[in-house]
Amino acid sequence: MGKVVITGAGVINSIGHNVGEFTEALRLGKSGVHTLRTIPTDNASVKIGAEIKDFSYIDYLDKLQRLCKDLYTRSRKILNNSNLSTQISSCAAIQAYLDADLINSNLDNDSIGIIVAGNNISQKYIIDNYKKYLKEPEYINPKYAISFLDTNIIGAISETLKIRGIGYTVGGASASGNLGIYNAYQLVKTGAVKACMCVGALADFSELEMKALSILGAMSCHRFNDHPEKASRPFDKNHEGFVFGQGSGCVILESLGSALNRNALIKGEIISVAAGLDGNHLANPCAEGEAKVMRSVLQDAGIMPKDVDYINAHGTSSPLGDVTELRAMRNVFQDSMASIHVNSTKSMIGHCVYSAGVIELITTLIQMNEGFCHPNINLDDPIDSYVNFTGKEALAEVKINYAISNSFGFGGINSSILVKRY
Amino acid sequence: MTKEDIFNIIKMNILKVLIDIDVNQIDINQSLKDLGANSIDRVEIAQDSMEDLNLVLPRVELGHARNIRDLVDIFHKHINR
């Protein structure tokens, strides 16, 4: 069983509509958090979020016309009158597919798979249709019967890109992205497919989820409504909960053999992935469970804690979550903590929920290949002054050889990925 | 509401659902299937038109329409009841 590498990436979020824009925004420490515009906030205490701004899937697809007329025509029809997550997630997938140059490869369509990471993806779409149903049941769009399903994204991408390998959705709450990558990694490693897209679905939260999460006390909704860009502050003493982020990311995992065979540009290597449960159905995190998955990825790879150069933290800006994750890191890395750069991308793009793991893997690869660490933009007063957090400006000339990316989800779901520069 | 008005509403919904169609090429004697609409498209077009016309009709009535002209006639009959 051979090595698994990453050959393509695509991303659309609140600070970048593609990998290039996202890279520059990371370097500059741009915040995508604003007052919410697309989710009703009348009954809500949560007024802010990192929404995607000024992105039209129709305009994006229009640009494909010159490249591939077929792809343009097909995708326009499939995404027409579909839901937000299907539209945006499909665009991220197309970006990654083109980035991997799969369009010019002669890889058999049966040997490419798709994993969509996320469950309960299109909540706002469902609730908006329910409101319509209450007004007049006969006007419910027949397409709803297909498009309310999470798997609608699988169907859309597989038809758009003519992919016929293995495909299914993988759910793990906030750890969905990493668990999707875990599955894609296994499919490629075992030879079930030669390449596998892992699409982190855009979480289409409605006012119902936002309200419930704010009642739970999980979201920032008190101190920063007038300065939304300051609200997502992982590991800072004034953290008060996570900020919702809209975004979709897609990575293409491929066997090293297949990548070399077609001269694909390799962006990094996935060395190991670990997943585990706490035996807890609630939202509270557990340091032992988080430490266990970080330790697992190191042990599976046979590398020492001191060999890790960088950690992309789960870092949600939740008081309990941030403290617990640092405790878990200290447990695993101990004295090596001083030499490991730590940051949280959520400080800029909020918590992208299902796609967080995928977007944060892409962030890790960008930093690895470009040689910098993005800032922790709101880290004014760290809760732990001995952790080697990147400051409020990007750190240049950083050499990252081994990196870890963490994602932890409600229901005691823990995951960690170990990546190596290729 | 004239039959011409109804035809225009249906044409707008055909464009909304079939996107790349030339709205000026739509012939009232064509069927939606002729224009390339699959079964879901056909229900969508009929339903969106009913919504625009503030009509709620049993689906079995629409099953009798062989082409766009029939659809216009069915809608016209119910609006003017």
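Predicted model: local features only at pLDDT ≥ 70, side-chain atom pairs only at ≥ 80, totals over all residues.

Guide: Helix 12 of chain A passes helix 13 of chain A in a right-handed crossing.

Residues are numbered from 1 along each chain as written, chains are lettered from A and ligands numbered from 1 in written order, and side-chain values use heavy atoms, without hydrogens or water.

Back to the pair. Helix 12 covers residues 287-301 of chain A and helix 13 covers residues 319-333; they pack at about 40°, axes 8 Å apart. That angle makes helix 12 of chain A oblique to helix 13 of chain A. Axes are lines fitted to C-alpha atoms over the stretch in contact, and angles run from 0 to 180 degrees between N-to-C directions. Under 35 degrees is roughly parallel, over 145 roughly antiparallel, 65 to 115 roughly perpendicular, and the rest oblique.

Which residues touch? Helix 12 of chain A brings A:Ala287, A:Glu290, A:Ala291, A:Met294, A:Arg295 and A:Leu298. Helix 13 of chain A answers with residues including A:Thr324, A:Ala328, A:Val332 and A:Phe333. Contact means heavy atoms within 4.5 Å. The contact residues divide into eight nonpolar, two polar and four charged. Nonpolar covers Ala, Val, Leu, Ile, Met, Phe, Trp, Tyr, Cys and Pro; charged covers Asp, Glu, Lys and Arg; the others, Gly among them, are polar.

Now another pair. Helix 4 (residues 69-79) and helix 5 (residues 84-99) of chain A pack at about 160°, axes 10 Å apart. They are therefore roughly antiparallel. Their crossing is right-handed. A:Leu71, A:Ser75 and A:Leu79 of helix 4 meet A:Thr86, A:Gln87, A:Ser90, A:Ile94 and A:Leu98 of helix 5. That contact has four nonpolar residues, four polar and no charged.

Next, a loop residue. A:Ser122 sits between strand 4 (112-117) and helix 6 (123-135) of chain A. A:Ser122 is buried, at 4% relative accessible area. Buried means under 20%, exposed over 50%, partly exposed in between (1.4 Å probe, protein chains only). Beyond neighbours within four places in sequence, A:Ser122 contacts A:Asn83, A:Ser85, A:Asp150 and A:Asp204.

Then the charge pairs. The structure holds 21 salt bridges over all chains. A salt bridge puts a side-chain nitrogen of Lys or Arg within 4 Å of a carboxyl oxygen of Asp or Glu. A:Arg223 pairs with A:Glu240, closest N and O atoms 3.4 Å apart. Both lie in the loop between helix 10 (207-216) and strand 7 (247-255) of chain A, so the bridge ties parts 17 residues apart in sequence. A:Glu240 is buried at 11%.

A:Asp380 and A:Arg233 form a salt bridge at 2.9 Å, N to O. A:Asp380 is in the loop between helix 15 (356-370) and strand 11 (402-409) of chain A, and A:Arg233 in the loop between helix 10 and strand 7, so this pair ties parts 147 residues apart. A:Asp380 is partly exposed at 46%. A:Arg233 is buried at 3%. A:Lys237 and A:Asp381 also form a salt bridge, at 3.6 Å, N to O. A:Lys237 and A:Asp381 are 144 residues apart. A:Asp381 is partly exposed at 37%.

Terms used:
Helix = DSSP H or I, 4+ residues; strand = E, 2+ residues; numbered from the N terminus. Left-handed = near helix turned anticlockwise from the far one by under 90°.
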